Amino acid sequence: MREILLVRYGEVFLKGQNRPFFLRKLVDHVKAAVQEVHGHVWLSDGRIYVSDYTDQDEAIRRVSRVFGVHSVSPAIEMEKDSFEAICEQAAKMMEKKTGTFKVLAKRSDKRYPMDSPTIMREAGGYILDHVPHLTVDVNNPDHEITIEIRKLAYLSVDRTMAVSGMPMGTNGKACLLLSGGIDSPVAGFMIAKRGVELCCVHYHSFPYTSERAKEKVLELARILSEYCGRMRVYIVPFTEIQMQIHEKCPENFTTLIMRRYMMRIAEILARKDGAQALITGESIGQVASQTMEALGCTDEVVNMPVFRPCVGMDKSEIIERAEKIGTMETSSLPYEDCCTVFTPKHPATHPRKELVCRAEEKLDSQALIDAAIEGTEIVEVG
Amino acid sequence: MIYLDNSATTRPFDSVIDVMDKSMREMYFNPSAAYKPAVDVDRGMRACRKLIAAQLGAQEDEIFFTSGGTESDNLAILGYAETLHGGGENFVCSAIEHPAVSETIRRVERLGIEVRVLPIDRRGLVDLDAARDVIDENTALVSCMQVSNETGAIQPIEALSALAHGISPRVRVHVDGVQGFMRVPMRMGKMGVDMYALSGHKIHGPKGVGALAVRRGVRLAPQMTGGGQEKNLRSGTYNAPAILGLGQAVKEMAGRHEDVERMRAMKAHLWALLSAMDGVRVNGPMPGEADAAPHILSVSFDGVRGEVMRNALEGAGVLVSTGSACASHKQKVSQTLRSMGLTGEQADGTIRISLGLMNTMDEMDEAAVQTAKMAALLAKYRRR
């Protein structure tokens with residue numbers, strides 16, 4: 001008899017002929033996740049098991065952050081010969097619980113002498129006899145104890161819901177424009193959750209933004225990397241472009257033109273890094289540069305899909321997500337990500353594309369972009 | 001790199017590091033123990049007390065070691081408040097106290113003590129006329145910093161104490177001396193100061209150590225209970241390496257009085273260079289005035305944000321801070337500067353340059369050149 005973790009996976013179940021590929025990826029990620037706590041990982045009977053870890057709580061925390069994992073339960077693995085012993089163990093696991101419970105049984109070993117309803121009834125009766133402060137409620141119990149009869153017997157009570165989604169690296173790679181605000185980490189998380197690998201681009205406007213602002217962005221990337229693994233962050237020097245825009249373009253278009261440059265540079269870096277799409281944290285109408293017209297105007301400069309998973313979310317919904325993911329606290333640090341010097345007083349909310357394009361003609365785009373890419377710093381995170 | 005953020009912290013003297021190194025390698029004994037090596041450490045600490053006391057016109061047994069300025073302020077304010085019996089007393093502090101004082105003094109409201117604030121004038125000094133209206137016969141404590149961490153204004157402690165005692169004879173006076181200790185003179189008896197808080201790392205000593213000087217006859221309730229160290233006022237195993245390091249820093253500083261004067265000259269020189277620029281002003285007393293500290297210079301630039309100026313100077317190899325380092329992670333506009341009559345924009349356009357004993361005249365020249373260069377560059381990109 002020993003303690004193990006029982007790891008259930010979600011959507012991978014739906015896969016047909018590709019399922020082994022997805023499962024292999026998932027098992028690899030679970031292995032990587034528990035490496036620090038020396039867990040042993042294997043796949044059997046439609047479950048992933050983890051054993052021999054040094055720290056159970058930490059192992060659960062880590063596994064529940066692996067995309068593709070649906071839930072994690074600490075479980076007891078034991079011989080199934082003695083039903084009496086199984087019941088005894090079940091009662092022991094319920095001892096500290098209060099309220100109502102029910103027993104769930106699953107029997108994949110059909111040669112086992114008792115069928116599932118019998119197991120439920122017998123084990124339930126035993127627990128009732130031995131843990132008198134519990135009562136049974138089969139419809140809406142406070143606790144569910146699961147008894148699974150496979151090659152061995154597995155008993156589990158507690159369940160930690162995990163992030164779900166698809167195993168990392170099963171759906172290509174995308175490049176996240178990471179600003180330091182609340183929205184972009186959430187957007188990155190949502191796309192990564194679909195099994196998409198990430199790289200990040202951050203625009204740094206020294207001296208208008210400080211060393212601390214950069215540190216903050218790297219910390220956000222590090223938090224994301226807890227879910228999606230090691231990734232590259234491109235820190236692009238952006239001051240010169242902002243200054244040129246500020247000097248040469250009409251004030252109401254400056255933010256929009258700046259966004260267009262950000263997209264152009266991100267596309268180049270994305271292609272270099274093998275990414276096939278861009279991700280931004282934009283949400284319709286949140287600020288002037290996120291009106292429908294403005295989004296259209298920024299999309300136009302790139303030739304790859306731009307994913308905006310927050311596009312239909314309210315700020316409060318985004319914040320709720322950020323808190324769940326664990327990026328909210330860092331995003332709320334006060335270091336500015338984009339200096340107010342460059343923010344126009346009256347930005348255009350319904351820009352006309354041809355006017356924006358004409359305004360941009362005054363800039364030596366190629367030289368500016370080349371210089372920015374040349375000066376880009378690459379930081380590996382995670 | 002030119003380090004001009006000495007009010008945030010200073011680089012320790014080499015001799016301080018040596019003393020601490022030796023203390024940890026060889027003299028690691030608990031000074032409260034009974035055997036000879038421990039007694040030797042205790043003796044070393046006593047020498048430190050003596051050195052500090054001498055700087056304050058105090059006695060050795062009036063010095064209590066703490067973990068630094070913040071703890072000293074907490075011990076003084078909360079420790080004193082706890083000895084009162086809720087007879088309608090009030091505590092008074094200046095409008096520009098460091099959070100170690102202003103946040104702490106708010107906590108005594110829970111003990112039924114009223115908290116009142118002393119306004120300051122446009123030069124950043126406590127307004128003594130206004131103080132007459134704030135202090136009354138129920139004022140039990142007046143707390144005022146010796147030197148403003150934001151502007152370097154030396155506060156009129158002696159006059160304030162005399163005024164307070166004239167109105168409320170039994171009043172106690174607490175001074176946060178963190179920015180003043182050993183750069184601006186302090187005689188506790190003559191100036192009417194009952195409690196004085198100081199910190200090691202602002203005078204080229206170690207971080208994590210400081211002291212509270214408490215005049216005999218002032219009773220305080222301990223805020224840290226335990227083994228009864230420091231005559232029961234501050235329990236906890238002595239941080240002997242840091243205390244010995246603090247003592248060494250005091251010893252070095254005491255032998256370098258001419259360096260403090262050199263610092264004053266450097267500050268004046270730097271301002272002379274900076275004042276040649278357009279749209280620059282000093283906040284607080286002008287360099288050279290009697291109530292200007294020798295080491296802190298607060299400067300505002302028209303149309304350039306202090307935060308951006310600080311970043312730009314960092315890029316040019318000059319480290320300064322905006323406002324004060326302790327407040328700058330909150331990124332709020334400085335209340336000190338606002339209460340001196342600066343507009344939000346002016347306060348936002350402020351940097352604090354603070355000197356230490358290790359700075360040189362050449363560094364002032366270079367810092368001035370870089371500041372002028374950055375100001376010119378940044379002014380081009382003002383908000384339209």
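User: Let's start with the overall build of chain B. What radius of gyration does chain B have, next to that of a compact globule with 384 residues?

Analyst: Keep in mind that this is a predicted model. For 384 residues, a compact globule would come out near 21 Å. Chain B agrees with that, as its radius of gyration is 21 Å.

User: And how much of chain B is buried?

Analyst: The C-alpha atoms fill a box of roughly 65 × 55 × 35 Å along the principal axes. Inside chain B there are 14 helices and 13 strands. Of its 384 residues, the buried share is 51%.

User: Over to chain A. Which residues of helix 2 are buried, and where on the helix do they sit?

Analyst: Helix 2 of chain A spans residues 56-63. Looking down its axis, the buried residues fall within an arc of 165°, so they line one face of the helix. Their cover includes helix 1 (19-34) and strand 4 (69-78) of chain A. The buried residues on that face are A:Ala59, A:Ile60, A:Arg62 and A:Val63.

User: Is A:Ile119 buried or exposed?

Analyst: A:Ile119 belongs to helix 4 (residues 116-130) of chain A. Leaving out residues up to four places away in sequence, it touches A:Ala105, A:Arg107, A:Met114 and A:Ile147. A residue needs 20 or more C-beta neighbours within 10 Å to count as buried. A:Ile119 has 24 of them inside 10 Å, so it is buried.

User: How far apart are the C-alpha centres of the two domains of chain A?

Analyst: Chain A is split into domain 1 (2-161) and domain 2 (173-381). Between their C-alpha centres, the distance is 43 Å.

Definitions and conventions: Residues numbered from 1 in each chain as written. Chains lettered and ligands numbered in written order. Predicted model: local features only at pLDDT ≥ 70, side-chain atom pairs only at ≥ 80, totals over all residues. Helix = DSSP H or I, 4+ residues; strand = E, 2+ residues; numbered from the N terminus. Buried ≥ 20, exposed ≤ 12 C-beta atoms within 10 Å, placed from the backbone. Contact = placed C-beta atoms within 7 Å. Arc of directions from axis to C-beta. Domains from an automatic or database assignment. Rg over C-alpha atoms; globule rule 2.2 N^0.38 Å.
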